[in-house]
Amino acid sequence: MTELSTEIRRQILQQKITFYQQAYYAHQVDAQIGQDIGDTRMVEQAKENMRKAQQLLDRLAELLGELK
């Protein structure tokens, strides 16, 4: 890989990490709203989405580490 394409991949990975961090926090809000209104299905779905987002964040961090 050229230095430029490596830098572009690094930037894209960082953007994806930012996106999934924001998604994670949005799911935290959903879980809290679900708790506040007593919607257990909403809470469970939000927690599952948080787990998925965290898995993606972990994998993206690994990929980013491999580029550095």
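Start by selecting H27. H27 is buried, at 18% relative accessible area (buried means under 20%, exposed over 50%, partly exposed in between, with a 1.4 Å probe and protein chains only). This is a predicted model, where local features need pLDDT of at least 70, side-chain atom pairs count only at pLDDT 80 or more, and totals for chains, interfaces and linings use all residues. Residues are numbered from 1 along each chain as its sequence is written, and side-chain values use heavy atoms, leaving out hydrogens and water.

Keep H27 selected and show its contacts (heavy atoms within 4.5 Å). Leaving aside neighbours within four places in sequence, H27 touches A46, N49 and M50.

Now select residues 3–37, helix α1. H27 sits in this helix. Helices here are DSSP runs of H or I, at least four residues, numbered from the N terminus. α1 has 35 residues and reaches 51 Å from its first C-alpha to its last. That is close to the 51 Å expected (1.5 Å times one less than the number of residues).

Which residues of α1 are buried? Colour L13, I17, A23, H27, A31 and G34. Their cover includes α2.

Step to G38, which follows α1. Its phi is positive, near 75 degrees.

Axes are lines fitted to C-alpha atoms over the stretch in contact, and angles run from 0 to 180 degrees between N-to-C directions. α1 and α2 are therefore roughly antiparallel (over 145 degrees; under 35 is roughly parallel, 65 to 115 roughly perpendicular, the rest oblique).

Notes: Helices (H or I, at least four residues) and strands (E, at least two) are DSSP runs, numbered from the N terminus.
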